[in-house]
Amino acid sequence: MLKFLSRRLTRRVGLFVFVLLAIEFVDEVAFGLDQAALPLIRDALNLNYVQIGLLFTIPGLVAMVIEPLFGLIADGKARRRLILGGGVGFVAALALTGFSTDFLMLIFAFCLFYPSSGAFVSLSQAALMDTDPTRHEQNMARWTFAGAVGVFVGPLLLGAIMGTTGNWRDAYFAVAIIALVIWFAATRFPFAKSAQIAEPEEAGVRASLREVWRAIRNWNIIRWLVLLEFADLMMDILNAYLALYFVDVVRAGESSAGIAVAVWAGVGLIGDLLLIPLLERVRGLTYLRISAALNFILYPAFLLVPGFIPKLIIVALLGFTNAGWYSILQAQLYSALPGRSGLVVTINSVTSIIHDLLPLMIGVVAEAFGLGSAMWLMLLGPIALTIGIPRGQKTLTAAAEENVQ
C-alpha cells in the first residue's frame with residue numbers, strides 16, 4: 001500500500017513539474033513569436049526604432065511596479081491564486097496583441113502581458129525550485145530547455161501560419177489557445193510549497209519589505225542580479241533585435257531573417273539540452289566563464305563578417321555557446337536565498353529596471369546612429385560575466401549561510 005501511494009505521489013509530482021515546464025514553454029513560444037514577427041508588426045503598425053524600444057521598456061517598468069507585490073505574498077497561501085490569475089491575464093494579452101491596430105493598443109497588450117507573465121510564469125518557476133531545493137541548477141537547466149523549445153517553436157509557428165492564412169495575428173490567437181489549455185491543466189494543482197521547505201514566520205508585508213531591503217544590499221545577491229541583467233543582452237535582447245538586424249543591416253529579407261531567428265533558437269535548444277547532463281559533471285560557474293570568453297570572441301566576428309551565410313554560421317555558434325547563462329545565474333540566486341523563492345521573484349522585479357531600460361537605450365542609439373552601431377552594445381554581456389563571475393572556491397552553501405545571517 002505504501003509503495004502504491006509513493007508511486008502515485010511521485011507520478012503526481014512528475015505531472016506537476018511537467019505543467020510548470022509547459023507554462024515556461026508557452027511563455028517562450030510567445031517570446032519567440034514576438035521576435036520573429038517584429039518586422040511584420042513594425043510594418044503593419046508603422047513603428048520606428050524608438051517605439052520598438054518603448055514597446056519593451058514601458059511594459060517592463062509597469063511590471064517592475066506590480067511584480068514585487070507578487071513575490072512578497074507568493075511564499076504564502078496566495079501563490080496558487082496569483083499563478084492562475086496571471087494565467088488569465090496572459091491569455092487575454094496574447095489575444096489583444098493579435099487584435100492590435102496601432103502602437104497604443106499594442107503597448108497596452110504588452111503592459112498586460114508583462115505582469116501577467118510575472119505571476120503566471122515567474123511564480124511557476126519559484127514553485128519548480130521548491131520541488132527540490134538541492135537541485136536548483138539542474139531544475140533550472142530543465143526549465144531553460146523547456147523555454148528554448150518554446151523559442152524555437154515560436155518562429156516555426158509564425159512561418160506555418162504565414163504559409164496558410166498569411167496573417168501574423170493568427171499566430172497570437174493560436175498561442176492564446178495553447179496557453180488556455182495549459183492554464184486549465186494548472187488548475188488541477190495546489191502550487192503549495194514542498195515539505196522540504198521550511199516555512200518562514202508569518203511576518204506581514206512590512207517585515208517582508210525589510211527582508212527585501214536586506215537582500216538587495218547583500219553583495220553576493222547584487223552580483224547575481226546584475227550579471228543576470230547584463231547576460232540578457234546576449235540572450236533575449238539580442239534575440240529581440242536579431243530579425244531587424246538581418247532585415248535592416250544585412251538586407252537579407254524577412255524570410256531570411258526568420259531563418260536566422262530559427263537557427264539561433266534551434267542551436268540554443270541543442271545547447272540547453274546538452275547542458276542538463278553536463279551540469280552533473282561540470283561546475284556551472286566554470287562552464288559560464290568559458291562560455292563568456294567564447295562569446296566575447298564570436299560576437300564581434302558576427303558583426304564584422306560580411307554576408308548572410310557567414311553571419312548565420314556565427315549566430316549558430318553564439319546560440320550554442322551562450323546556452324545555460326540564464327539557468328546557471330538564476331540558480332545561483334535561488335541558492336543564495338534558500339527557502340525564499342518568492343523573495344527571489346520580488347528582488348528580480350525590483351532590480352529589473354536595468355533590463356527594462358536596455359532595449360530603449362538600444363532603440364535610441366539605433367535611431368541616432370543606426371542599428372548596426374547599436375548592436376555593439378550587446379558585447380557588454382560577456383564583458384560583465386568575465387569580470388563578475390567569482391573565481392574563489394566558496395561553496396553555494398557557505399554563501400547562502402552568509403546571506404541569511
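Why does Phe 296 count as partly exposed? The relative accessibility of Phe 296 is 41%, and the partly exposed class covers values between the buried limit (under 20% relative accessible area) and the exposed limit (over 50%), computed with a 1.4 Å probe and protein chains only. The model examined here is predicted: local features need pLDDT of at least 70, side-chain atom pairs count only at pLDDT 80 or more, and totals for chains, interfaces and linings use all residues. Residues are numbered from 1 along each chain as its sequence is written, and side-chain values use heavy atoms, with hydrogens and water left out.

The overall picture is helical. The protein has 18 helices and zero strands, where helices (H or I, at least four residues) and strands (E, at least two) are DSSP runs numbered from the N terminus. Of its 405 residues, 56% count as buried. Among contacts (heavy atoms within 4.5 Å) between residues at least 6 apart in sequence, 83% join residues at least 24 apart.

Confidence comes next. The mean pLDDT, the predictor's confidence in each residue from 0 to 100, is 84, and 88% of residues reach 70 or more. Where pLDDT is low, the predicted coordinates should not be read in detail.

Phe 296 lies in helix H11 and belongs to a nonpolar surface patch of about 480 Å², made together with Ile 297, Leu 380, Ile 383 and Ile 387. Patches consist of residues with over 30% relative accessible area and no salt bridge, like charges being joined within 9 Å and nonpolar side chains (Val, Leu, Ile, Met, Phe, Trp, Tyr) within 5 Å. Helices H11 (284-304) and H17 (380-388) each give two or more residues to this patch, and H17 gives the most, with three.

Turning to charge, the count comes to three salt bridges, each defined as a side-chain nitrogen of Lys or Arg within 4 Å of a carboxyl oxygen of Asp or Glu. Arg 42 pairs with Asp 43, the closest N and O atoms being 3.1 Å apart, and Asp 248 pairs with Arg 42 at 3.2 Å. The latter pair links distant parts of the chain, Asp 248 in helix H9 (residues 236-248) and Arg 42 in helix H1, 206 residues apart. Both Asp 248 and Arg 42 are buried, whereas Asp 43 is partly exposed, with a relative accessible area of 41%. Arg 42, Asp 43 and Asp 248 are linked in a network of salt bridges. Arg 79 forms a salt bridge with Asp 130, with the closest N and O atoms 3.0 Å apart. Arg 79 lies in helix H3 (residues 79-99) and Asp 130 in helix H4 (residues 103-131), so this pair ties together parts 51 residues apart in sequence.

Glu 24, found in helix H1 (residues 2-45), is buried yet has no salt bridge. The nearest side chain of opposite charge, Arg 142, is 14 Å away; Lys and Arg count as positive and Asp and Glu as negative, while His and the chain ends are not counted. Not counting residues up to four places away in sequence, Glu 24 touches Val 121, Trp 143, Ala 146 and Gly 147.

Terms used
Accessible areas come from the Shrake-Rupley method with a 1.4 Å probe; for residues, only the protein chains shown count as cover.
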